[in-house]
Amino acid sequence: MTKLFEPIMLGDISLTNRVVMAPLTRNRSPNAVPNELNVEYYRQRATAGLIITEATAITHQGQGYADVPGLYTKEALAGWKKVTDAVHAAGGKIVVQMWHVGRISHTTLQPNDGKPVSSTNKRANAKTYLVNADGTGGFADVSEPRALETSEIPGIVEDYRKAARAAIDEAGFDGVEIHGANGYLLDQFLRSNVNDRTDQYGGSIENRARLLFEVVDAVTKEIGAGRTAIRISPVTPSGDVSDADPQQLFTYVVEGLAKYGLSYIHIVEGQTGGARDFLPFDYDALHAAYKAAGGKAAWMTNNGYDKDMAVAAIDSGKADVVAFGKPFIANPDLVRRLKENAPLTAVDSANLYGGQGAKGYTDYPALDAA
């Protein structure tokens, strides 16, 4: 019998199985406030061993897409509390992915129509999602950013700390996942093609990783390492990022993370949502380096996994838990379907992003209703 459906502890968080719902942006929270439709969406998927929410902005400045939720207003926290209450009532566990998009934003989404902030002044060759006055949505080029002043960086770290505390105390989450992946702010500082700074946050790998570790320090001290996790994506080009030596960079990162008793480390293998072999990278060596440095956190793998791949990864020790993305969108009872080798419903691609109603969001049937 595979370990895929066995319980596991992720730091301080107990899971009934090792099938994780990956973070999935859906653009269905107008005004950055989770609503009743969001409550139903997550409740339906509570049989996952763990739900990781869609990426959720820690501040207004951290917003980069229309109708994505936040963690920085009383209304948003109250909305998330309804979500976490529903998931817990259904027997599930849920953590929030804490997000600052950095330069992947648009002036119309920023406080006072200001420029997005980043490690650099360089505009990304990337798109964001905007909603028009008539309610229709579409993709648009991101705006030109400005490089954060060195004096502003402690305030960014403080924003993460405050968001983590609010996530636990006010929104009722079981933990937080720091979003250090996919070309967003922390990844922008990490990557050599985006970080052109000359202060203590630029240049060497040690300097480029400084902000990430300052955030991890602040969050773990605030809510405990056992409720803190992080997501990294060593080679994904999302957000127009790349690095001259990703193996060296992320080995340094995971060796530094090893000193924390984190809940888990979430690794995107290959190009997020795309080719697993996008660029050469030795993920087994990365995992080995983490363990050799004394790391004890659970190892979560992600990107294009099916049941056979997940079983092989967990039973071989390559991974402790596996995150599934799009399969969870179209199959709210994915755990049961995997157990029973039942067919999977295909994703309604036309309704992945945006929309105010249930179509392509909460209208996917469970097995008994199919």
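Which elements cover the buried residues of helix α3? In this predicted model, the cover includes α2 (74-89), β5 (94-99), β10 (175-179), α4 (185-190) and α6 (210-223). The structure also holds 18 salt bridges, and one of them joins α3 to α6.

**Helix α3**

- Helix α3 comprises 17 residues, 153-169, and at 1.5 Å a residue it should span 24 Å; its end C-alpha atoms lie 25 Å apart, which agrees.
- Its buried residues are I153, I156, V157, Y160, A163, A164, A166, A167 and I168.
- An α-helix has 3.6 residues a turn, so residues three or four places apart point the same way.

- Side chains of opposite charge can pair when their charged atoms come close.
- E222 and R161 form a salt bridge, with their closest N and O atoms 3.0 Å apart.
- This pair connects distant parts of the chain, since E222 belongs to helix α6 and R161 to helix α3, 61 residues apart.
- E222 counts as partly exposed because its relative accessibility is 21%, and R161 is likewise partly exposed, at 25%.
- A network of salt bridges links E158, R161, R165, D169 and E222.

**Salt bridges between buried residues**

- D199 pairs with R197 in a salt bridge whose closest N and O atoms are 2.8 Å apart, and both residues are buried.
- R208 forms a salt bridge with D243, the closest N and O atoms being separated by 2.9 Å.
- That pair also links distant parts of the chain: R208 is in helix α5 (residues 205-208), while D243 is in the loop between β11 (228-232) and α7 (246-257), 35 residues apart.
- Both R208 and D243 are buried.

Key: Residues are numbered from 1 along each chain as its sequence is written. This is a predicted model: local features need pLDDT of at least 70, side-chain atom pairs count only at pLDDT 80 or more; totals for chains, interfaces and linings use all residues. Side-chain values use heavy atoms; hydrogens and water are left out. Helices (H or I, at least four residues) and strands (E, at least two) are DSSP runs, numbered from the N terminus. The expected span of a helix is 1.5 Å times one less than its number of residues. Buried means under 20% relative accessible area, exposed over 50%, partly exposed in between (1.4 Å probe, protein chains only). Contact means heavy atoms within 4.5 Å. A salt bridge is a side-chain nitrogen of Lys or Arg within 4 Å of a carboxyl oxygen of Asp or Glu.
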